Amino acid sequence: MGNLNILSKAALRQFEKTKTKVKGRKVVTEDINLLKSLAVAPMIPADDITNYYVEPITIEYYIPKESRFAYETKYLYIELDDPLPRNDNQRKIFSYFRQENKPIDVIEVMDKFPEFMVDILEYYNPVLGLYDSMSIHLRDGLSGNPEAIRRVLYLNEVLRKREPTIPALEIIGDYTTFNINWCIRFLNRHKIDHSLEDRTVAYLIKLHCLKYEREGREIDERFEILSEIYMEQAFPEIDDEDLLE
């Protein structure tokens with residue numbers, strides 16, 4: 001399996017890279033007993049299950065005695081880590097949307113906090129249609145159509161690729177991570193299937209690891225193995241030299 005310490009600086013740098021998944025590619029390992037010993041899903045209290053993004057991992061391994069390949073699916077549970085506001089502007093906005101119990105809607109930010117409108121429009125005006133669309137789907141989702149929140153989730157994946165911008169750094173905060181986490185929890189509670197891009201999953205893995213490191217918690221072997229397999233599947237073209245750049 002190689003080095004499974006995904007908390008290393010090299011591995012964390014790996015998660016920052018933008019790559020394209022090679023569909024259908026699986027990791028082959030000869031450590032069959034280790035893979036078979038992994039539970040299909042971890043033991044997580046029912047009350048906590050909504051706080052995880054779940055990624056299915058298909059494992060392919062070779063059985064020499066039978067001269068064949070076998071396949072198993074295990075589930076990687078990634079604990080969500082919410083961003084914190086870093087200045088008074090962000091604290092004001094985060095507080096408002098937490099009280100409203102909904103994602104940070106940039107259109108609503110400009111409506112409720114007009115003092116920030118000019119600065120936000122200066123940077124976001126070229127893609128304002130995306131924020132309008134997110135706002136519409138959010139209202140739809142909160143008005144009785146929970147499936148619409150899945151579109152809010154995917155729009156925030158798109159918007160995250162444009163960040164950080166000056167408004168995010170100085171005014172709004174890390175709203176895309178805040179929103180992605182909120183949407184995942186909402187969809188989990190409503191048992192609505194959702195699947196994230198490889199780049200987003202890798203980012204959530206990174207945040208999971210940093211959260212555990214910050215809190216002095218040990219990452220269990222199951223998570224290390226499955227996250228390592230996931231990274232090899234999603235970003236197979238990354239080698240050790242890439243990680244040292």
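## The nonpolar core

Within the largest nonpolar core, which has 63 residues, Ile104, Ile120, Tyr175, Leu204 and Ile205 touch the most other members. In soluble globular proteins, nonpolar side chains tend to be buried together. The structure described here is a predicted model.

Apart from neighbours within four places in sequence, tyrosine 175 is in contact with Ile104, Val106, Tyr124, Tyr131, Asn156, Leu159, Glu163 and Ala168.

## The chain as a whole

The chain contains 12 helices and three strands. Of its 245 residues, 48% count as buried. Among contacts with a separation of 6 or more, 71% are between residues 24 or more positions apart.

Helix H7 covers residues 148–160 and has 13 residues. At 1.5 Å a residue, a helix of this length should span 18 Å; the end C-alpha atoms of H7 are 19 Å apart, which agrees with that expectation.

Which residues of H7 are buried? They are Ala148, Ile149, Val152, Leu153, Leu155, Asn156, Glu157, Leu159 and Arg160. The elements covering these buried residues include helix H6 (128–142), helix H9 (175–189) and helix H10 (198–215).

## The crossing of H9 and H10

Two packed helices are described by the angle between their axes and the distance between the axes. The axes of H9 and H10 come within 12 Å and cross at roughly 95°. Because angles of 65 to 115 degrees count as roughly perpendicular, H9 is roughly perpendicular to H10. On the H9 side, the contact is made by Thr177, Ile180, Asn181 and Ile184. On the H10 side, Thr200, Tyr203, Leu204 and Leu207 take part.

## Tyrosine 52 in strand S2

Tyrosine 52 is located in strand S2, which comprises residues 52–63. Is tyrosine 52 buried or exposed? Its relative accessible area is 12%, and a residue under 20% counts as buried, so tyrosine 52 is buried.

Beyond residues up to four places away in sequence, tyrosine 52 touches Ile44, Tyr77, Ile78, Glu79, Leu80, Ile184 and Asn188. One of these, leucine 80, is 28 residues from tyrosine 52 along the chain, yet their C-alpha atoms are separated by 5.6 Å. Another, Ile184, belongs to H9 and takes part in the contact with H10.

## Cysteines

A disulfide is a covalent bond between the sulfur atoms of two cysteines. How many disulfides are counted in this model? The count comes to zero. Cysteine 183 is buried, with a relative accessible area of 0%. Cysteine 209 is likewise buried, with a relative accessible area of 0%.

## Backbone details in the loops

A cis peptide bond joins glutamate 163 and proline 164, with omega at about 10°. Proline 164 is situated in the loop between H7 and helix H8 (166–172).

Serine 67 has a phi near 50°, a positive value in a residue other than glycine. Serine 67 is placed in the loop between S2 and strand S3 (68–79). The relative accessibility of serine 67 is 55%; the cut-off for exposed is over 50%, and serine 67 therefore counts as exposed.

Asparagine 101 also has a positive phi, near 55°, and is a residue other than glycine. Asparagine 101 is found in the loop between helix H3 (88–100) and helix H4 (106–112).

Notes:
Residues are numbered from 1 along each chain as its sequence is written. This is a predicted model: local features need pLDDT of at least 70, side-chain atom pairs count only at pLDDT 80 or more; totals for chains, interfaces and linings use all residues. Side-chain values use heavy atoms; hydrogens and water are left out. Helices (H or I, at least four residues) and strands (E, at least two) are DSSP runs, numbered from the N terminus. The expected span of a helix is 1.5 Å times one less than its number of residues. Buried means under 20% relative accessible area, exposed over 50%, partly exposed in between (1.4 Å probe, protein chains only). Contact means heavy atoms within 4.5 Å. A nonpolar core is a set of buried Ala, Val, Leu, Ile, Met, Phe, Trp, Tyr and Cys residues joined through side-chain atoms within 4.5 Å. A disulfide is a pair of cysteine sulfur atoms within 2.5 Å. Axes are lines fitted to C-alpha atoms, for helices over the stretch in contact, and angles run from 0 to 180 degrees between N-to-C directions. Angles under 35 degrees count as roughly parallel, over 145 as roughly antiparallel, 65 to 115 as roughly perpendicular and the rest as oblique.
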